[in-house]
Amino acid sequence: MEKCIENDVSYLWMENDILYIHYKDNVDIFYEGARKVLEDRLLLQVGKACPVFCDIRGIKHIDSGARRFNALEGSLLIKALALICDTPLARTFSNLYLYDKLKVPTDLFTEETPALEFLKRYIK
Amino acid sequence: MERPENKERLKKINQLLMELAMGKFFKRIERTDSKDELEAIMALANLVAEDLNINLSYRAHIDPDQSYSCTLQLFFVLNRLLKIEKTGSGVQKYLHFKEEELLMTSFESILDPNSQKQWAKAAKEIARTSRPESTLWLTFRTNTGLLLPAFCSVIQLGVDTSLKGRYIITTSHVIKTRHPVAAPFYEGSGQPKDGPKGRPMGRKRLYAPEKWKVRNTGKYITDHMDRPLPKLKELAHQFGINEFKLKRGFKELYGMTVFQYLKEQRLRKAHVLVKFTNIPILTITAMVGFKQPNHLSREFKAKYGYRPTDLR
């Protein structure tokens with residue numbers, strides 16, 4: 001694992017050409033939080049698109065400002081996206097994101113291994 | 001489902017849906033740390049209320065034949081110990097507390113836990129800097145158990161007033177006034193045109209399925225912003241509506257023309273790429289669908305007040 005960045009709502013790091021985002025437990029995401037995650041993500045990606053592994057199980061609430069931001073700005077420079085969601089709450093947020101987002105190959109997973117298998121197809 | 005805490009959560013969902021059914025979109029359900037099906041429904045109910053509040057009231061269904069006004073929602077006077085000394089009538093209407101129930105109680109006692117922390121921090125900051133006015137989002141607990149998030153203005157009264165050392169906290173919201181817009185606002189003759197039953201004739205509104213088609217067109221434009229926009233007639237037909245409805249729909253849903261919407265989306269994407277990546281501006285220009293970097297630069301400056309190169 002290379003450099004890990006922590007902000008108020010998440011941890012982000014790059015590992016084997018996959019960008020990992022792990023949301024902290026019981027966080028509320030507003031516009032500022034969404035913007036910070038994007039800023040930190042693009043810092044780690046150094047301008048290159050890559051597959052993203054995103055564990056959203058910790059999210060308690062995401063407001064409409066953050067959702068609108070994630071739908072456009074938050075979907076930039078993503079080759080493919082694996083969302084980890086194993087609770088009804090996380091699945092609800094995932095389904096909303098699926099409707100909002102830009103055209104990015106995205107799939108929902110309850111476990112890490114198949115999610116990583118899906119993302120590996122998009123490396124390089 | 002039979003457990004008492006679940007019954008309580010169901011009751012809150014019911015309360016919120018009743019508020020929505022009555023056209024009141026301000027309230028929210030206080031969320032728990034659970035992540036089960038019921039919690040997912042609570043989260044969705046809050047999101048629906050939030051979206052209705054933003055879109056239905058202000059944008060998507062705004063009625064061009066009505067006028068809208070900003071009105072006071074909540075009003076509090078706090079003493080220097082941040083206890084409530086006076087409330088406006090909106091506090092009873094929206095929070096369901098009588099004034100006497102709140103007098104001399106601390107302001108933070110009617111906030112949700114997150115807002116209590118924010119308020120404590122903000123109050124310290126306001127007192128330290130002696131800033132006369134600040135704004136912040138706070139979520140109020142209502143007496144019925146629902147939450148009411150609101151954008152608050154906090155005014156610190158100066159030494160030169162009889163209320164020195166006190167604070168005024170207000171929130172406002174937009175309401176539809178009873179009277180239609182006055183004559184000068186009508187296009188053409190300057191007089192309202194009456195419909196068959198004496199009602200002013202409004203412009204034809206789009207039906208919900210047509211709005212979805214417009215929304216899907218918007219999504220298509222965002223997904224293909226790197227390419228030139230097809231002719232509007234072709235684009236409209238691709239999504240099963242006509243050019244007129246596409247143009248009208250964009251104005252109604254997004255408050256702008258199709259071309260303005262495309263430019264807005266392109267500039268949002270360009271701003272992120274310029275600010276947070278090292279991708280050459282020439283490449284970004286092509287990625288977001290502008291033909292020339294100087295065109296991007298000009299539009300960028302018009303929207304953000306600075307050029308892309310100023311961010312590098």
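Predicted model: local features only at pLDDT ≥ 70, side-chain atom pairs only at ≥ 80, totals over all residues.
**View 1. The largest pocket and its lining.**
The largest pocket holds about 1,500 Å³ of space. Its lining counts 41 residues, and those closest to the pocket centre are A:Phe30, A:Asp63, B:Trp137, B:Thr139 and B:Pro149. Look for residues of chain A and chain B around that centre, such as A:Asp63 and B:Trp137. By residue class, the lining of this pocket divides into 16 nonpolar, 14 polar and 11 charged residues.

**View 2. B:Arg9 in helix 1 of chain B.**
Helix 1 of chain B covers residues 4-21, and B:Arg9 is part of it. Is B:Arg9 buried or exposed? B:Arg9 has a relative accessible area of 8%, so this residue counts as buried, the limit being under 20%. Leaving out neighbours within four places in sequence, B:Arg9 contacts B:Thr32, B:Ser34, B:Asp36, B:Leu38, B:Glu39 and B:Met42.

**View 3. B:Lys275 in helix 9 of chain B.**
Helix 9 of chain B runs over residues 258-276 and includes B:Lys275. The relative accessibility of B:Lys275 is 41%, so B:Lys275 counts as partly exposed. Which residues does B:Lys275 touch, not counting those up to four places away in sequence? The partners are A:Arg35, in chain A, and B:Leu311, in chain B. B:Met256 lies 19 residues from B:Lys275 along the chain. The C-alpha atoms of B:Lys275 and B:Met256 are separated by 26 Å.

Technical notes
Residues numbered from 1 in each chain as written. Chains lettered and ligands numbered in written order. Heavy atoms only, no water. 1 Å grid on protein atoms, 1.4 Å probe; cavity = no way out; pocket = protein on both sides within 12 Å on 5 of 7 lines; lining within 4 Å. Points joined across faces, edges and corners; volume = space filled by probe spheres on them. Nonpolar A, V, L, I, M, F, W, Y, C, P; charged D, E, K, R; others polar. Helix = DSSP H or I, 4+ residues; strand = E, 2+ residues; numbered from the N terminus. Buried < 20%, exposed > 50% of the residue type's maximum accessible area, 1.4 Å probe, protein only. Contact = heavy atoms within 4.5 Å.
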